[in-house]
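Here's a quick briefing to read alongside the model. Have the sequence and the 3D view open as you go.

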Amino acid sequence: MLNEIDLSSPVLDAALQILVEADVELADVDSICRAGLATAAEYESMSIRDKNHFFADAVRARCHEKGYFSGWQLLAHTANEVTLNSGMVDDVVKCLQVYNSLRPSGEKGPVTDLRMVITRAPNRDSIYLVAPKSVGGSAWKGSEEYNPAAQRKWYNTGFAPMSPCSSFIWLSVQRKMVARHDLDACNALTLLGTVDFDFDRIEVYKPGFAHAMELAMRYVAEMGTAMQGAALAALLNFDVQRYVRRIQESWIEGRKGAAFFGPRMTPPEDWTATMVGDCGALCAFGYEDAARFSESRETMFVSLLMANIYDLLFDLRTSSLVSSVMYIAAAGVAAYDLHTIFLTTVTDETARRICNGSSTVIPTYGDNSLLATGAWAPFNERYRTWERFVKYTRQLRCSTSPEAQEVLAMANRALILPERNTADAWQKVFAPGVQYTLTSRLTVAYVPLPAPELAKLPPPNVCHTCGVAFTQALHESVGDAIHGIAGLPASVIAAPAVSRAAAIRRAAFFASSAECCEVCACSIGCWADLASYLVLTALMRSDESTSAAEWLLETYAVWTVTTSPVSVATVLSGFDLRCDVREEEGAMGSRDVLDC
Ligand SMILES: [Zn+2]
Ligand SMILES: [Zn+2]
């Protein structure tokens, strides 16, 4: 089913206009014959200029016949002189097929006494109220620390200043795998993906889009280079994000819920392709050597699951049909927390690979993305992680539903899958009886340093007794421990990002305990989210003085703060799967899909 607007892509057209001017042939005779576009004799009788025009016309004709993603695919598979990762384009095509096939199943979670209302009210002194998703609030705006940190290649020409939440997620995922001298350009190209955050609809970002588009066209002309690959992937990504936005908007309007048929309709390997195609940041896949793609895409897929787990409450409210948690839930195994267990298995294994690797190895895009997303998801303010964690924990503890007690029990269990390979582990999630094959997660305890600098933040509004206990929890790091893979360097554990993450967690643990009064607990939960940007800021600062491995292990150590002794991801997603969510009229806006 093709609409008129699916038959040509302005950005692909613009790229073709540049490519035809190349002084080499875009596609050799074998590729042209293999694609069935011409006979060898016909093609070889043409001049280079004519060959390129002939080929570009064939791509445009394919767009018109089968839609522009088919045109992209023909370009990727045939133009052997152009850098354009064909495996990535195949994932995109599969992704859009799956997108068009997704239908809500109407299934409901178990009925419990857990409930939550999403509200825009600034006062949320109730464990039944939570704020909507944001793009990172404004606590960072006057920050003496954030603005200088952001100047170091975290801001981009033409794009107005962004919150740590936005700039960190878009740019950290490729931070340590793009060569330093290509970073500014790749950052601009990647920010074309902020269509996913609807930034193309915001006036202050329009000059940034215009600049990045210009840059993309300049690099499209650089035949056979990694930057040509990056530019074309960024343009393809722009097309994908605009295409899926239309579909996501129709889901929101339909309000049919986020449950769908999962593996009963879409095989697990097609789901991986769907997540990769819709990752929002294909640029670096175009930049990375295509030979690394099959490995790289596996952990990219898991980095999207990472975000989905924290995002679940909001995906449920916006009837998103592309949450990997709901995909796993459709197989019946989210009830055993298999989504978190799979995530933990792969994240630990990825960190181990980086930790044991040589210090000069360039990480894959997928590995970089997964570990950076692990630091971002709990500390981005966007997902209201700590507000939810505190309120959810308090509700779960007082609940009379056995499902609620089960969530708390699972959050303390620390299990993993025995499979070491990501693709094998992913298949295993759907094997009958998988819940009986789980093993204990092996970790080492590390002692975090204090983070006295958090005292400079405006404190939460709490009673005297809670105030004393809050201050003590925040600053007393002796006796605290974080649990991660063996072999993390002492310098990683001592990094300010890790100390701050641990301090924020101690405050949240206090607020979720019975010792803290309920109103004060709500206040501390919100405070913890506001303070979180300082974790991302510390990572932005340390980027400059660390190797790829050191920095990625630092992001891993930040994530691991949230895994044990209580798995924050289990509490959040376990609660969301079992609660009744409502929303005050208009609290979520028209499209807070804003999904990744
Ligand atoms: Zn998206
Ligand atoms: Zn109190």
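A contact, as used below, means heavy atoms within 4.5 Å. This is a predicted model, where local features need pLDDT of at least 70, side-chain atom pairs count only at pLDDT 80 or more, and totals for chains, interfaces and linings use all residues. Residues are numbered from 1 along each chain as its sequence is written, chains are lettered from A and ligands numbered from 1 in the order in which they are written, and side-chain values use heavy atoms, with hydrogens and water left out.

**Overall shape and make-up**

- The chain has 27 helices and seven strands; helices (H or I, at least four residues) and strands (E, at least two) are DSSP runs, numbered from the N terminus.
- For 596 residues, a compact globule would have a radius of gyration near 25 Å, and the chain agrees with that at 24 Å. That radius is taken over C-alpha atoms, and the globule rule is 2.2 Å times the number of residues to the power 0.38.
- Along the principal axes, the C-alpha atoms fill a box of roughly 85 × 50 × 45 Å.
- Of the chain's contacts with a separation of 6 or more, 80% are between residues 24 or more positions apart.

**Surface and charge**

- Buried residues make up 62% of the 596. Buried means under 20% relative accessible area, exposed means over 50%, and partly exposed is in between (1.4 Å probe, protein chains only).
- The chain exposes about 21,500 Å², with carbon and sulfur atoms supplying 54% of that. Accessible areas come from the Shrake-Rupley method with a 1.4 Å probe, and for residues only the protein chains shown count as cover.
- There are 51 positive and 68 negative charges, and their mean positions are 5 Å apart. Lys and Arg count as positive and Asp and Glu as negative, while His and the chain ends are not counted. Each charge is placed at NZ of Lys, CZ of Arg, CG of Asp or CD of Glu.

- Cysteine 398 is in no disulfide, and the nearest cysteine sulfur, that of cysteine 522, is 12 Å away. Cysteine 398 is exposed, at 63% relative accessible area.
- Cysteine 516 is in no disulfide either, with the nearest cysteine sulfur, that of cysteine 466, 4.0 Å away. Cysteine 516 is buried, with a relative accessible area of 1%.

- Most residues other than glycine have a negative phi, and most peptide bonds are trans.
- The peptide bond from serine 564 to proline 565 is cis, with omega near 10 degrees. Proline 565 sits in the loop between helix H26 (548-560) and helix H27 (568-578).
- Serine 319 has a positive phi, near 50 degrees, and isn't a glycine. You'll find serine 319 in the loop between helix H14 (293-317) and helix H15 (324-330), and it counts as buried at 5% relative accessibility.
- Alanine 414 is another non-glycine residue with a positive phi, near 55 degrees. Look for alanine 414 in the loop between helix H19 (402-411) and strand S3 (415-416); at 36% relative accessibility, it counts as partly exposed.

- Arginine 245 is in helix H11 (residues 226-254) and counts as buried at 7% relative accessibility. The C-alpha atoms of arginine 245 and valine 195 are 8.4 Å apart, though 50 residues separate the two along the chain.
- Serine 31, in helix H2 (residues 29-34), counts as buried at 6% relative accessibility. Setting aside neighbours within four places in sequence, serine 31 is in contact with Thr78 and Asn80.
- Serine 303 lies in helix H14 and is buried, with a relative accessible area of 4%. Not counting residues up to four places away in sequence, serine 303 touches Ser369, Leu370 and Thr373.

**An enclosed helix**

- Nine of the nine residues of helix H8 (residues 164-172) are buried, so H8 is largely enclosed by the rest of the structure.
- Among the buried residues of H8 are Cys165, Phe168 and Trp170.
- The cover over the buried residues of H8 includes helix H7 (146-151), helix H9 (183-191), helix H17 (365-376), helix H25 (533-542) and H26.

Key:
Disulfide = S-S within 2.5 Å.
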